[in-house]
Amino acid sequence: MTRADSRAHILQVAGPIFAKDGYQSTTIRRICEAAGVNVAAVNYYFGDKERLYIEAVKHARDLLEERWPLPKWTESTPADERLRGLIHTFIRRLISPAQGEWQMKLILREIIEPSGAARELVQEGFAPFFNVLTELIQQLLPCGASDPQIHQIGFSVIGQCVFYAAHQQVVDLMIEEVERAEHFDADSLAEHVWRFTKSALAEYSRTDSIVNRAKADNADQLLKQEHQA
């Protein structure tokens with residue numbers, strides 16, 4: 001086994017253990033026993049437990065991105081179709097079964113209980129994704145939409161998606177199995193989030209248009225009053 005293979009093997013074993021038991025409850029010795037390596041090997045490839053954990057989280061993210069890559073768009077692809085594809089991809093990463101189960105569980109642990117891995121995860125994974133998301137939102141909003149508005153909408157989209165992964169057990173308890181099977185699969189939920197987001201963006205546009213017209217009417221009224229005076 002090459003050095004690269006050995007390192008990858010340790011990560012592949014460590015990831016599911018960290019996902020199941022968390023950082024604090026997992027020991028290097030347990031990972032070494034499961035991987036069939038000694039502690040020196042972990043120290044050689046990763047330095048310490050914290051670095052191993054950070055690399056395991058990043059490895060989980062990489063596997064999810066490889067399994068469900070972002071759609072390939074052309075310059076002519078409309079912004080709304082891009083946003084729809086982005087939402088579908090994100091929800092598939094979050095809740096598609098089997099292939100990404102431990103990976104997303106580990107990432108959700110890090111989101112809910114951030115550790116030293118959070119900064120690198122945000123910088124290398126979340127921030128680029130969020131930038132793509134907010135750029136599309138900006139294109140779908142009226143000109144002049146503020147950064148706080150765009151960021152709030154972006155986090156609202158993410159929040160809708162993450163809910164179904166972070167609170168799957170709650171959904172299972174509240175919704176009958178037949179309904180879940182028909183309406184709570186990844187594609188159905190993604191389409192719901194997309195339609196909800198599209199309606200919200202349209203409402204933002206309508207509201208801003210009304211506000212802008214009101215501001216223009218008020219300005220005209222003030223000008224008339226000044227002329228009459």
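Biologist: How do the axes of α4 and α7 cross?
Modeller: In this predicted model, the axes of helix α4 (residues 49-67) and helix α7 (residues 117-140) come within 9 Å and cross at roughly 30°, where axes are lines fitted to C-alpha atoms over the stretch in contact and angles run from 0 to 180 degrees between N-to-C directions. Helices here are DSSP runs of H or I with at least four residues, numbered from the N terminus.

Biologist: Parallel or antiparallel, then?
Modeller: α4 and α7 are therefore roughly parallel to each other, a label given to angles under 35 degrees.

Biologist: Which residues make the contact?
Modeller: With contact meaning heavy atoms within 4.5 Å, α4 contributes Arg51, Tyr53, Ile54, Val57, Lys58 and Arg61, and α7 contributes Ala117, Glu120, Leu121, Glu124 and Gly125. They divide into five nonpolar, one polar and five charged, where Ala, Val, Leu, Ile, Met, Phe, Trp, Tyr, Cys and Pro count as nonpolar, Asp, Glu, Lys and Arg as charged, and the others, Gly among them, as polar.

Biologist: Switching topic, at what angle do α5 and α8 pack?
Modeller: Helix α5 (residues 79-95) and helix α8 (residues 147-166) pack at about 25°, with their axes 9 Å apart, and that makes α5 roughly parallel to α8.

Biologist: And what sort of residues are in that contact?
Modeller: The contact of α5 with α8 divides into 11 nonpolar, no polar and no charged residues, including Phe90 and Leu94 of α5 and Cys161 and Tyr164 of α8.

Biologist: Which conventions apply?
Modeller: Local features need pLDDT of at least 70 and side-chain atom pairs count only at pLDDT 80 or more, while totals for chains, interfaces and linings use all residues. Residues are numbered from 1 along each chain as its sequence is written, and side-chain values use heavy atoms, with hydrogens and water left out.

How values were computed:
Helices (H or I, at least four residues) and strands (E, at least two) are DSSP runs, numbered from the N terminus. Angles under 35 degrees count as roughly parallel, over 145 as roughly antiparallel, 65 to 115 as roughly perpendicular and the rest as oblique.
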